[in-house]
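This briefing covers a predicted model.

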Amino acid sequence: MTLHLGEPPAAPARTRSFHTIARQALELLYQHRVLSTQQLHVLLTRPERRAARPYYLLKQLAELHEAGLASRVRAQGGGAGPGRVRTKPFLWFLTEAGAESVEEAGELPIRPYRVTPESVVGARQAHTLALNDVGVAFVEHARRLGHECGPLDWTPEVANRIRDGQRRFEDDHVISDAVLNYVHVERGRRTMLSFFIELDRATMTSARLAAKLQAYGRMYEYVPQGPDRGRRTPNATRPAWMYNYPVFPRVLVVLDAAPPKGGAPDRRPERLAARTEDLYTRTAADVRLSRLKGDITIGVTTLQQLQQHGPCAPVFTPLLRGTPSARPAPTDFYLSTK
């Protein structure tokens, strides 16, 4: 790593001893790339201490910043006017030295992606923060209900191959916004659940979003072909996803939209309801998904509903059940197709 004049050397900073909160913050920033101060506060602070300002967390983050392991920028948005910039929250991310320190500890899977100040302030900032809000909502409701879903139980941008070939990476893979694991605990019975999370801020057309959902159908049926197709092995008909997941994860589409500007009426509920309707129509018309509706579960909700009511509430509209004239009502966390 290149050192610039005036910067503290990275090696001593990596060997410095930090409090548990600081070490946990390093791990969260490594896995989730960018987190706001409030998101870190919720994930790392016990519920009974949430009401207070996170002085101790801020102190630990400041130490990581001074050690050259973490950096920060102000979030975009939040309005204009004199003094308003101070109300915008800090967004935290790891420096190269910070990422290396986490990798040296060997506690998390290696992720080669590196965050830069330019990527943090880029066009996907709002998408990244909203995706974090989805994970935070699962964590908060799991804590309240006695289930298990921790701050490291979702991983952003997970790619799975959907066909053989050497085309563009995006053409041969479906890249989930996140994969989230959740353990539902009831009367001593543990049910392990996995989810492909798709966070949509209405920045792409409904046709493009539906095409991404259709790619999950290709993923479900994709069986890798070996270099010698004439010699079939016992696993020659085994779908690729089975090597990574015990069961095919449910697909959860979480809709969000930017708030109105300039005092305009808030039409977000109507817009997101219309988007849900469009997705229902498009996925119902897909031949592959219709054939796989007993094997794949896809549900849609909004970020606001997920935050307010939680994943165990009937807030998910199933896309592969019913008919356009008799679409089923929103169902619960399990999104059962039975």
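The model holds an open sheet of six strands, in the order β4-β5-β6-β7-β8-β9 and with mixed pairing. Strands β4 (154–161) and β9 (317–318) stand at the edges with a single partner strand each, so one side of each has no neighbour in the sheet.

**Sheet and packing helix**

- Strand β7 (residues 250–255) pairs with strand β8 (residues 298–302) in the parallel sense, over five bridges.
- Within β7 and β8, V253 stands opposite V300.
- Helix α7 (residues 125–145) packs on the sheet and touches β4, β5 (173–186), β6 (189–200) and β7.
- The direction of helix α7 makes about 15° with that of β5.

**Aromatic rings**

- The count of aromatic pairs in the model comes to nine.
- One of the pairs is formed by Y220 and W241, which are stacked at 5.6 Å centre to centre, with 25° between the planes.
- This pair links distant parts of the chain: Y220 belongs to helix α9 (residues 206–221), while W241 lies in the loop between α9 and β7, 21 residues apart from Y220.
- Both Y220 and W241 are buried.
- Y220 and W241 also belong to one aromatic cluster, together with F196, Y216, Y245 and F248.

**Charges over rings**

- R72 has its charged end over the ring of F90, 4.1 Å from the ring centre.
- R238 has its charged end over the ring of Y243, 4.5 Å from the ring centre.

Notes. Residues numbered from 1 in each chain as written. Predicted model: local features only at pLDDT ≥ 70, side-chain atom pairs only at ≥ 80, totals over all residues. Heavy atoms only, no water. Pairing = 2+ DSSP bridges. Helix = DSSP H or I, 4+ residues; strand = E, 2+ residues; numbered from the N terminus. Contact = heavy atoms within 4.5 Å. Axes fitted to C-alpha atoms, helices over the stretch in contact; angles between N-to-C directions. Phe/Tyr/Trp six-rings, centres within 6.5 Å; stacked < 30°, edge-to-face > 60°. Buried < 20%, exposed > 50% of the residue type's maximum accessible area, 1.4 Å probe, protein only. Lys NZ or Arg CZ within 6 Å of the ring centre and 35° of its normal.
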